[in-house]
Amino acid sequence: GEKRLVAYVVGEETAGADVLRAHLIRVLPAHMVPAAFVHLEAMPLTPNGKLDRRALPAPEADAFVRPSYEAPAGETEEALAEIWAEVLRVERVGRWDNFFELGGHSLLAVQVIARMRQVLEVELDLSNIFSHPTVESLSARVRGPGRAVRNDRAIAIRPAGSKLPLFLVHEGTGTTAYAQVLSTHVDGEIPVYALPPQAPSEPPLRTIEGLAARLVRMIREVQSSGPYRVAGWSLGGLLAYEIASQLIDQDEIVEFVGILDGLSSIGPQDVVLNVRRVAGTTGRTGLPESDEEMCVLREYRPQPIPVPVHLFATRQSSNFDPLRGWGDLLPEQLQVTFVPGTHLSMISPPNVETLGKELSRWINHARERVERL
């Protein structure tokens with residue numbers, strides 16, 4: 001039942017899956033290279049002449065590119081192979097197997113990072129799976145120097161660009177995975193940084209204000225003065241709002257505040273637990289764990305800020321309030337954009353592409369507004 005990226009090829013069958021994949025590796029990122037290649041005499045069409053996706057055949061075993069199996073070498077490779085087999089639901093994983101060829105994608109990579117934290121007690125960023133997609137190469141990364149991610153500094157996902165940077169706030173799962181996925185669909189001239197949560201070994205901060213103050217420091221280490229751009233998904237939206245509030249209190253200009261389907265307050269604990277389930281783990285996430293600590297977070301009440309706030313809300317939501325509670329707080333400066341998907345699927349393909357385009361559009365629009373002031 002897991003998703004796979006499959007290429008359907010029309011024409012003479014002169015090149016096998018291995019040749020086609022070798023060509024695409026040179027021009028596409030690893031996670032965009034198809035896992036299987038199916039040759040067809042012609043694409044199936046509907047009576048209206050459009051592609052009939054339901055009629056596309058499922059790939060058979062020979063459609064997948066698989067290197068000859070070689071058993072994992074050493075404890076780290078063996079542990080990684082077991083984690084991959086568990087997450088990808090495959091029988092066995094060899095040391096040269098590629099995560100994305102086996103059907104991996106960004107959300108499954110989040111689960112791998114979480115399981116590595118539990119099993120191997122290492123902290124790696126999601127980008128390491130994209131840059132080290134085989135068991136052997138990722139194992140070497142784990143054993144190498146600097147295996148622990150610095151959780152006290154912003155992560156430069158894409159530091160280059162001619163425009164002001166966008167800071168994406170962690171969402172409470174213990175990773176900045178959504179930021180890595182979303183960044184590929186944000187205007188290429190906008191540098192993107194992720195603001196990570198605390199390390200699991202650190203005692204959690206007990207208030208939204210405290211969580212945000214830590215992230216404000218990270219932002220100002222990268223960009224000493226405004227205008228600032230900050231956004232966050234889920235709980236990260238509430239943190240992004242408090243970050244903007246604190247920057248404004250420091251007499252800084254906040255050019256853009258983006259809330260990606262986040263609520264204006266922390267409701268029942270299951271809201272936060274739902275966020276934790278994105279990572280497929282119930283371990284330490286950087287959020288308070290006890291009911292007493294959660295009550296402290298639920299006492300937070302955001303105050304109005306004198307700048308436009310952009311809410312990107314999903315239409316396919318069970319939340320009774322399409323404005324997620326922000327309408328009453330910001331009756332005049334709230335800008336709402338509805339995007340496809342649910343709370344979880346909005347950050348997954350293909351919905352994340354639309355989200356990235358809309359986010360870029362409003363960021364650039366905010367720049368024009370500030371320049372006119």
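**View 1. Glu-12 in the loop between strand E1 and helix H1 of the predicted model.** Glu-12 is exposed, with a relative accessible area of 70%, where exposed means over 50%, buried under 20% and partly exposed in between, with a 1.4 Å probe and protein chains only. The loop that holds Glu-12 runs between strand E1 (6-10) and helix H1 (17-25); helices (H or I, at least four residues) and strands (E, at least two) are DSSP runs, numbered from the N terminus. Glu-12 and Glu-41 are 29 residues apart along the chain, and their C-alpha atoms are separated by 7.8 Å. In this and the other views, residues are numbered from 1 along each chain as its sequence is written, and side-chain values use heavy atoms, with hydrogens and water left out. The model is predicted, and local features need pLDDT of at least 70 and side-chain atom pairs pLDDT 80 or more, whereas totals for chains, interfaces and linings use all residues.

**View 2. Thr-134 in the loop between helices H4 and H5.** When neighbours within four places in sequence are left aside, Thr-134 is in contact with Trp-84, Arg-95, Trp-96, Asp-97 and Asn-98, contact being defined as heavy atoms within 4.5 Å.

**View 3. Packing of helix H2 against helix H3.** Helix H2 (residues 74-88) and helix H3 (residues 106-119) pack at an angle of about 140°, and their axes are 10 Å apart; axes are lines fitted to C-alpha atoms, for helices over the stretch in contact, and angles run from 0 to 180 degrees between N-to-C directions. This angle makes H2 oblique to H3, since angles under 35 degrees count as roughly parallel, over 145 as roughly antiparallel, 65 to 115 as roughly perpendicular and the rest as oblique. On the side of H2, Ala-79, Leu-80, Ile-83, Trp-84, Glu-86, Val-87 and Leu-88 meet Leu-108, Gln-111, Val-112, Arg-115, Met-116 and Val-119 of H3. Sorted by class, the contact of H2 with H3 has 10 nonpolar, 1 polar and 2 charged residues, with Ala, Val, Leu, Ile, Met, Phe, Trp, Tyr, Cys and Pro counted as nonpolar, Asp, Glu, Lys and Arg as charged, and the others, Gly among them, as polar.

**View 4. Packing of helix H2 against helix H5.** H2 also packs with helix H5 (residues 135-143), at an angle of about 125° and with the axes 9 Å apart, which makes H2 oblique to H5. Here Thr-76, Glu-77, Leu-80, Ala-81 and Trp-84 in H2 meet Val-135, Glu-136, Leu-138, Ser-139, Val-142 and Arg-143 in H5. The classes in this contact of H2 with H5 are 6 nonpolar, 2 polar and 3 charged residues.

**View 5. Packing of helix H7 against helix H8.** The axes of helix H7 (residues 208-222) and helix H8 (residues 235-249) are 9 Å apart, and the two helices pack at an angle of about 65°, which makes H7 roughly perpendicular to H8. The contact is made by Ile-208, Glu-209, Leu-211, Ala-212, Ala-213, Leu-215, Val-216, Ile-219 and Arg-220 of H7 and by Leu-238, Leu-239, Glu-242, Ile-243, Gln-246 and Leu-247 of H8. By class, the contact of H7 with H8 has 11 nonpolar, 1 polar and 3 charged residues.
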